[in-house]
Protein chains: 2
Amino acid sequence: MKYVNIIFQPGSIGIQVETGTTIMKAMNQAELRADFPCGGVGKCGKCRVKVLAGSGELTASEKDRLTIQEQEEGIRLACLAEIHENMIVELLSPQQLQHHILMDALDRPFYLNANVIKQFVEVKEPSLSNHKSDWQRLKDALAIYGYAEHQLQVCLPILRQLPETIKQGEGKLTAVLLGLEVVGVEAGDTSANLWGMAFDIGTTTIVGYLMDLISGKELIAVSTLNPQAQYGGDVISRITFAGNREGMERLHRAVTVAVNGLIGEAVERVGGKRENLYAISIAANTTMHHLFLGVNPRSIGVSPYVSAFNQGLVVNAFELGLEINRAGQVYALPNIAGFVGADTTAVLLASEPEKRDYVTLILDIGTNGEIVLASNKKMVACSAAAGPAFEGAQITNGMRGAIGAIDHISFGENMEFSVIGGGKPAGICGSALLDGVAGFVELGMINKRGKFLEPDELTKTHSLRFKERLIEYDGAWAFLIADAVETVHGRPIMITQNDIRELQLAKGAIMAGVKILMETSGSQFDDVKEVLLAGAFGNYLNPHSACVIGLIPKELEGKIRMIGNAAGTGAKIALLSADEFSRADNLADSVSFIELGSYSKFNRIFAENTYFQLD
Amino acid sequence: MKYVNIIFQPGSIGIQVETGTTIMKAMNQAELRADFPCGGVGKCGKCRVKVLAGSGELTASEKDRLTIQEQEEGIRLACLAEIHENMIVELLSPQQLQHHILMDALDRPFYLNANVIKQFVEVKEPSLSNHKSDWQRLKDALAIYGYAEHQLQVCLPILRQLPETIKQGEGKLTAVLLGLEVVGVEAGDTSANLWGMAFDIGTTTIVGYLMDLISGKELIAVSTLNPQAQYGGDVISRITFAGNREGMERLHRAVTVAVNGLIGEAVERVGGKRENLYAISIAANTTMHHLFLGVNPRSIGVSPYVSAFNQGLVVNAFELGLEINRAGQVYALPNIAGFVGADTTAVLLASEPEKRDYVTLILDIGTNGEIVLASNKKMVACSAAAGPAFEGAQITNGMRGAIGAIDHISFGENMEFSVIGGGKPAGICGSALLDGVAGFVELGMINKRGKFLEPDELTKTHSLRFKERLIEYDGAWAFLIADAVETVHGRPIMITQNDIRELQLAKGAIMAGVKILMETSGSQFDDVKEVLLAGAFGNYLNPHSACVIGLIPKELEGKIRMIGNAAGTGAKIALLSADEFSRADNLADSVSFIELGSYSKFNRIFAENTYFQLD
């Protein structure tokens, strides 16, 4: 078997594939979300991509569907074009990159041991001398495989199906078991079909991973925007919307529909069916967790911010309206506190900081930053209300990290930036704001309070190159990133004095959280051996920029490691391992939650850390 | 407090009541089913009864509602008439005695220990320094009462209610617990409201007992005909009707509606509400058990007659469509085999034959007779297909033991009979058929094969008195019980040659069952110390008649004890004691079921026992 490399642009996402693989399959393999409306048979032409290098011969179908100009430009249909040599592909359609979601995982070994297992058995025929009931004969058949016959449990819906199932399969049937409870019976041998799906339900995005519970292999990853967004962009506005029964129901239904949609998409894309799914695991922040389970998160929204419950929970999928096998169960990971949710538990499950003999700092930065400091099995955690600056909200030209967003800025001879999806920019996202402000700090263009110097106060040689970019905006200075002619909408894109202020509040909150955790656990920067950045923002930011602006302590710059969507990884682990899922309760319990608002020095520490540290 | 006696006729049902009690209350206390459409306020006049002795002054309302003639005849309204001295009351309305159902119980001591318990707690308010979740604070509150906090379980519906419940009760709430699982939460202190209902679901009749789970007291008993009867009178025709999905659903729905109706009636009559019910226990034959649980009984109907399952089962009441508290559970007792059901298990639970060091024979005689022979903890059981003769079906003038049925016949100087409900007879029921045929045996009017002697062959002096009653019917002799002018319909009532034949088949089957059980367990008649007769028919028959005709071995006549509706008693015990319910599985398992059809000597023994034993 021969392997070749394929790199997708923008983003330089590279993977290795077998020769002959189609670009569509490679996109799936690289977990790049894309729609193939015709099902990938070359009919709809919606999967146009531009092959920058390594294109081979066009197929006949492609020649039919693509104009001469398109063919000359290197356009191909991803579903038909095969990869035979190293290839660079540019993704063209916004759908192809609409959700720039991180789905790489922190791999760690664990014992594959799914909660749900299948056992194919042959049930003996009854006779006048063996007039045992159907259920008793099933227990006898399972006993052959070592199941303690007297401890086997069953519930009514299964007993209702059992006689017909035995009849249909002529005694041959597959039992679906959760421990010693038979939760499903299927005629014939279906033991090879055993899938599950791990979900990371974020406030903004929902990611699902379809997993084979027998091999432990990930079959496909799918994602969608959380449709609850129409009822409020952040956790607090969702809690408010859930204030009355109808609002609560709408939010619950919205996420249920979305999850069912992702399940359908995933199974369709791998050519399976919903009935093959027997388990779903859930990582989510506490509010998303409650809303998904239909539990009102009201009390999370008001002091003292308590959740209805934190404990890990197993729920019948049917009861939750999830369209998978009738025997399917939902494994909801435990929360830690009202603002440190099951997603953080999942990150801990994936990264195992409690098993190390050194101090680890774990940051999942977003509107609410979750911070965990782990040392010698003692873990402290807090939630820092960073506000929406990192998501690009309340920033003059801010936007989410989607197509058209400037995601990185660098200051060399010239100022340069990259745009998600290529093309002209429409705004800047959080990671670019970080780069920009970090540049201003290093160039000496702002003071420690974050205020732009007057253009004629600039002293550093380097900074003088960018003097012309300082423009007046709203009665203060702003820094021009892209001229009106360079942008998609014909308006300039800049970083304003106010944007810097927003960023200062955000990074001050995170840093205060980090420092308070260190203080309460008696740790010093020197003790910290590793900083793990989890989540989408943490994996797109430039760590150097984060350290320059003081979002992450400068002292830790060399110790930073990005661990991808560790919450998703944790959810996968919980799905694939009953031991890991049940261990999660202890893990969550062992974390001491620090409520920053009740920490007397919080305001002072927060204020101090809104400042920048200049050289 | 002064007590007086009241006796209800027909049936001579006597109870003691406080002076001043209304007749209506006394009827309830005596468990006599009656309708009081206006709710017992003297408005509808439907509860007319005839006071034969001890009537006092009529109330003003009664004077308004009753005619002068009625007043002179001693008619009173049961809902208004108070009892101040010993009283004899004749029930007039067929409704008042429509279901002549046995509800006395075999009392035996057991430890009151209901599966479901309630615990009132006060949940601490959360604060910034105690930001535990609602569930954790409830667990903390329960821990004060000795509940192992780490083992407490909860399910999603309860977690959904918990925040609102805590809020409503301002921290004061009552937890409903099944072992260590919280299955309900109620604002405030509701710990005094804890009821359950035990059901004996028969093919013909459903009886329910409303019980207080705290005191163990029976609050009221209610009953109704099993509405499934419209789809078939016996077990086999129900199984046939359940052959397709729609039939199955109709049968399941019919019994569900009936049980819900009885629950409603019971709680209304004691002035409570459905929400106070948290547990339901079920005794039933295997087919009724399956139909009630929505499990198709198909395989019970065909050889080798296996059930879908026998094991005891706990099911959420809501899942079964039962309208009681949302936290309510259903405890279905285990079956023993396809034709020896949970009702037999209940009889064993109530009568505890396995705890005695002597041999006990237990008979529950009906269309299917269930027979258990218990000795030294070893129990064998069988089901004998007696056919419908005991229920009065396929008998020339047969009818069920309802109003108008001749229920007993005696042969002294003259032949006398009694009629259920008094008045003119409409037919004879099983117990009278037994008495009649026993008389024929003792009078020497039939030979050992059951054939009537010719009138001129009669030799016994006694029999000559009844010679005139021998009439020709359908080409054979028949015995006239009631002349055409004596009956309600103007047709004679008789016992025909064919009726005797039907009875022979029925008693032959029961006796064969008894003998085969004795043979397989190596017991002799001398070993049997007690014969327990359970069920309605067993408690209405004349034991002497049963022994004369050979339904019960003559040798055991002095050892017979009637134990009332022991299946109902067993259901009550299972409801009131978690230990007894869980012990029932072992009890049912310990019974060896003998399939009579597979017993090689069955046909010979059956045929022998259709004969009568003449002196």
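Which residues are buried in H16(A)? That was my opening question for this predicted model.

**Entry: helix H16 of chain A.** I looked up residues 566-576 and found that eleven of the eleven are buried, so to speak a mostly covered helix. The buried residues are A:Ala566, A:Ala567, A:Gly568, A:Thr569, A:Gly570, A:Ala571, A:Lys572, A:Ile573, A:Ala574, A:Leu575 and A:Leu576.

**Entry: helix H10 of chain A.** Next I turned to residues 342-351. Helix H10 is largely enclosed by the rest of the structure, because ten of its ten residues are buried. Among them I noted A:Asp343, A:Thr344, A:Leu348 and A:Ser351. Just after H10(A), I came upon A:Glu352, which takes a positive phi of about 50°.

**Entry: the nonpolar core.** I then asked how many residues the largest nonpolar core has. The count is 349, and A:Ile282, A:Ala381, B:Ile282 and B:Ala381 have the most contacts inside it. I followed up on A:Ala381: leaving aside residues up to four places away in sequence, A:Ala381 touches A:Ile336, A:Val340, A:Thr344, A:Glu370, A:Ile371, A:Val372, A:Val591, A:Phe593 and A:Ile594.

**Entry: where the chains meet.** Last, I checked the contact, to which chain A gives 39 residues and chain B gives 39 residues. On the side of chain B that touches chain A, helix H4 (134-143), helix H5 (156-168) and strand E14 (313-316) each supply at least two residues.

Methods:
Residues are numbered from 1 along each chain as its sequence is written. Chains are lettered from A and ligands numbered from 1 in the order in which they are written. This is a predicted model: local features need pLDDT of at least 70, side-chain atom pairs count only at pLDDT 80 or more; totals for chains, interfaces and linings use all residues. A nonpolar core is a set of buried Ala, Val, Leu, Ile, Met, Phe, Trp, Tyr and Cys residues joined through C-beta atoms within 7 Å. A residue is buried if 20 or more other C-beta atoms lie within 10 Å of its own, exposed if 12 or fewer, and partly exposed in between; C-beta atoms are placed from the backbone. Two residues are in contact if their C-beta atoms, placed from the backbone, lie within 7 Å. Helices (H or I, at least four residues) and strands (E, at least two) are DSSP runs, numbered from the N terminus.
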